[in-house]
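Biologist: Could you take me through the features of a model one at a time, giving the general idea before the particular case?

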Amino acid sequence: MFDVQREELMWGDRKLVLETGKVARQADGAVIATYGETSVLATVVAMKEPKAGIDFMPLTVNYQERAYAAGRIPGGYFKREGRPSEKETLVSRLIDRPIRPLFVEGWRNDTQVTVTVLSHDLENDPDILAMVATSAALTLSGIPFMGPIGAARVGYINGSYKLNPLVAETKEESSLDLVVAGTTDAVLMVESEARELSEDVMLGAVMFGHKHFQPVIEAIIRLAEKAAKEPRDFSPPENADAEKAVLDICEAELRDAYKKTVKQERYAAVDAVKAKVVVALCPAEGEQKFSPEQVKAAFKEAQSKVVRWNILDTKSRIDGRDLSTVRPIVSEVGILPRAHGSALFTRGETQAAVVATLGTGEDEQFIDALEGTYKERFLLHYNFPPYSVGETGRMGSPGRREIGHGKLAWRAIRPVLPPAHEFPYTIRVVSEITESNGSSSMASVCGGSLSLMDAGVPLRRPVAGIAMGLILEGERFAVLSDILGDEDHLGDMDFKVAGTDEGITSLQMDIKIAGITEEIMKVALAQAKDGRTHILAEMSKALTAARPELGEYAPRIETMQIPTDKIRDVIGTGGKIIREIVEKTGAKINIEDTGIVKIASSDGKAIKAAYNWIRSIVAEPEAGTIYDGTIVKIMEFGAFVNFFGAKDGLVHISELAPQRVAKVSDVVSEGQKVKVKFLGADDRGKIRLSMKVVDQETGEDLTEKQKAERAARGEPEPEEREPRGDRGPRRERGPRRDRD
């Protein structure tokens with residue numbers, strides 16, 4: 001019934017299996033990929049007819065994780081997977097980026113890729129497997145896809161590269177988490193987070209990954225030879241005549257339009273040229289030689305050629321800069337009076353207002369992932385309102401682009417954050433893009449670094465980011481530093497590098513052509529380093545390091561360690577004790593299972609009061625020490641005194657005063673403030689206190705003074721005997737009888 005085809009290979013010391021022909025047979029292409037005990041199903045479907053009225057490739061990628069894959073039931077009220085998680089969105093983008101450039105130019109059929117995680121062994125991240133399975137499904141589908149691609153994760157552990165490290169190795173041992181994808185000949189996509197690694201190490205990691213995913217590409221080709229469908233009958237539309245006609249009409253004027261350095265003026269000039277071309281080639285009356293769609297596509301191609309030719313021929317860019325110059329930078333901090341930390345970073349016509357907020361453990365984000373629920377203490381959110389580019393648009397929840405840009409900035413900054421045990425705050429950074437003309441994500445990195453330092457967060461070092469572009473025509477190429485929006489749209493590469501003056505913390509690359517070589521990447525990394533150094537110097541004019549104190553309105557957090565067996569005492573029955581501490585002191589308190597207690601408040605007195613209260617619960621009084629106390633109960637044999645947090649002890653009637661006391665109430669009363677000396681505990685654990693050896697006015701210990709007075713009078717030292725406590729009155733005994 002099933003015509004199942006399989007390919008297997010050992011890859012990174014584990015078996016990779018690709019299988020087709022059994023599941024999802026009505027899709028154009030379907031592959032189940034298994035690595036270890038992690039399995040994903042990738043399916044591809046493309047409509048039979050092109051979508052009318054569009055000038056882009058209509059590709060949709062949906063990566064979805066199912067809780068059953070890890071033997072879990074989803075959290076929440078409905079117990080069902082809902083809107084895509086952040087990871088699902090990011091992996092969807094990760095799959096989309098390397099495959100999109102490989103569809104044949106002019107393909108306009110709606111194409112949908114759906115990847116479902118079926119099994120997760122909690123050791124092998126499904127993202128790499130999802131990319132491999134997608135590549136295989138596309139290669140089998142008959143859709144005009146110029147693949148296959150391969151993908152790999154690269155770690156860097158103890159100075160050596162590691163292919164596809166396990167999840168635990170990536171988190172705990174590796175100083176690099178890099179994902180690379182590409183074809184047999186070139187690299188198409190890179191996504192990474194690093195702990196200040198050098199350009200040479202990063203480039204080596206990219207090439208290591210490229211080399212080691214070649215066996216995967218070969219396996220996909222072998223599978224396609226057995227199971228691929230017939231290629232679809234598709235011929236890329238020819239538009240050469242329209243392109244020539246457009247260039248003949250507007251080349252000179254288009255070159256003049258792109259000499260305008262102000263974005264709005266340049267856009268207006270380009271729109272005027274476009275309107276002239278449309279009138280000339282698509283007149284309202286008379287014969288139209290070309291359709292409006294053809295003219296629109298041809299004009300877009302003309303724009304690209306004019307910009308690219310000019311850069312390659314003159315080494316001068318749209319705004320007049322040379323290839324490596326960074327636009328003017330203005331950095332400001334402390335721009336918002338009530339924020340914990342804030343910065344305004346402006347680079348040319350790109351601007352980010354970035355705000356840092358510090359919180360407590362209660363503010364940590366709970367992440368419900370296949371690996372289980374965990375807490376995240378560093379959050380970075382990126383917002384891109386339409387006014388930033390002078391447009392109107394829908395305002396709502398963040399889209400894929402906003403989530404992706406925010407995660408890139410998050411990866412860039414996270415490696416330089418102080419560890420939680422040194423800085424026990426939850427940190428949230430929000431980047432509001434107020435102007436945009438090229439690389440707002442890198443502006444978010446720079447502004448985020450400044451806002452955190454303004455908030456007093458002790459970053460290891462400041463972080464800056466820069467976006468690089470590429471123009472590649474045959475053997476000629478030009479690498480551009482700090483690209484404009486037009487250079488991004490009309491160029492061949494978006495290459496973003498973030499890091500400190502010590503090394504790279506994040507690297508992201510997207511290629512719009514068939515890929516780039518090691519030589520081009522080496523040039524781009526070197527040029528990016530120079531640009532990053534320049535930007536860090538400009539940022540230092542505003543702030544060179546973290547402020548020594550937290551902002552006025554930021555919460556203060558005091559950390560203390562208590563014995564784990566005392567946690568129950570601090571919390572109390574049903575949380576009674578800790579609620580009382582919070583209510584009476586006003587401080588926020590978080591207790592971890594390890595016994596670490598975090599006390600937070602913007603009021604230092606509240607922190608101190610809560611700290612002392614908790615300390616009094618978990619600490620033990622020291623013998624011989626004098627404490628302030630309160631009489632809480634009077635008995636015939638003595639008085640109970642609350643003297644050490646919640647601890648009470650007994651002052652026996654014989655310890656109330658130097659002279660003999662007939663009645664306890666003659667000396668003390670309930671609620672009276674007294675000073676007591678802790679004598680220790682009896683063999684039953686009962687606490688013994690004394691008032692008679694303490695000067696009730698000064699708190700002075702009278703023990704030595706009383707000894708001296710007795711010695712002067714020639715009196716012997718009294719024998720210390722255990723007080724009778726609450727054992728009741730002495731029992732009268734009859735005369736002792738002699739026993740024979």
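The dialogue below goes from the whole chain to single residues.

Modeller: This is a predicted model, in which local features need pLDDT of at least 70 and side-chain atom pairs count only at pLDDT 80 or more, while totals for chains, interfaces and linings use all residues. Residues are numbered from 1 along each chain as its sequence is written, and side-chain values use heavy atoms, with hydrogens and water left out.

Biologist: What is the radius of gyration of the protein chain, and what would a compact globule of 740 residues have?

Modeller: The radius of gyration is taken over C-alpha atoms, and the globule rule is 2.2 Å times the number of residues to the power 0.38. A compact globule of 740 residues would come to near 27 Å, but the protein chain has 37 Å. The C-alpha trace spans about 135 × 65 × 50 Å along its principal axes, and the chain holds 16 helices and 29 strands, where helices (H or I, at least four residues) and strands (E, at least two) are DSSP runs numbered from the N terminus. Of the 740 residues, 51% count as buried, buried meaning under 20% relative accessible area, exposed over 50%, and partly exposed in between (1.4 Å probe, protein chains only).

Biologist: Which residues of helix H8 are buried, and what covers them?

Modeller: An α-helix has 3.6 residues a turn, so residues three or four places apart point the same way. In H8, the buried residues include Val 295, Ala 298, Phe 299, Ala 302, Val 306 and Ile 311. Their cover includes helix H6 (240-257), helix H7 (263-281) and strand S18 (464-473). H8 itself (residues 292-314) has 23 residues and reaches 33 Å from its first C-alpha to its last, close to the 33 Å expected at 1.5 Å a residue, the expected span being 1.5 Å times one less than the number of residues.

Biologist: Where do backbone geometries call for a second look?

Modeller: Most residues other than glycine have a negative phi, and most peptide bonds are trans. Lys 315, which follows H8, has a positive phi of about 60 degrees although it is not a glycine, and at 41% relative accessibility Lys 315 counts as partly exposed. Ala 24, in the loop between strand S2 (14-20) and strand S3 (29-35), likewise has a positive phi, of about 55 degrees. A cis peptide bond with omega of about 5 degrees joins Gly 147 and Pro 148, and Pro 148 sits in the loop between H2 and S7.

Biologist: Is Ile 143 buried or exposed, and which residues does Ile 143 touch?

Modeller: Ile 143 lies in the loop between helix H2 (126-141) and strand S7 (150-157), and counts as buried because its relative accessibility is 5%. Contact means heavy atoms within 4.5 Å, and, not counting residues up to four places away in sequence, Ile 143 touches Asp 28, Val 44, Ala 46, Phe 103, Trp 107, Thr 111, Leu 138 and Arg 232. Trp 107 is 36 residues from Ile 143 in sequence and 9.3 Å away in space, C-alpha to C-alpha.

Biologist: How many bridges join strand S16 to strand S17, and which hand has the crossover?

Modeller: Two strands pair if DSSP finds at least two bridges between them. Here 6 bridges join S16 (residues 378-383) to S17 (residues 426-435), and the two run parallel. The chain crosses from S16 through helix H9 (residues 400-413) to S17 in a left-handed β-α-β crossover; a crossover is right-handed if, with the strands pointing away from the viewer, the path from the first strand over the helix to the second runs clockwise.
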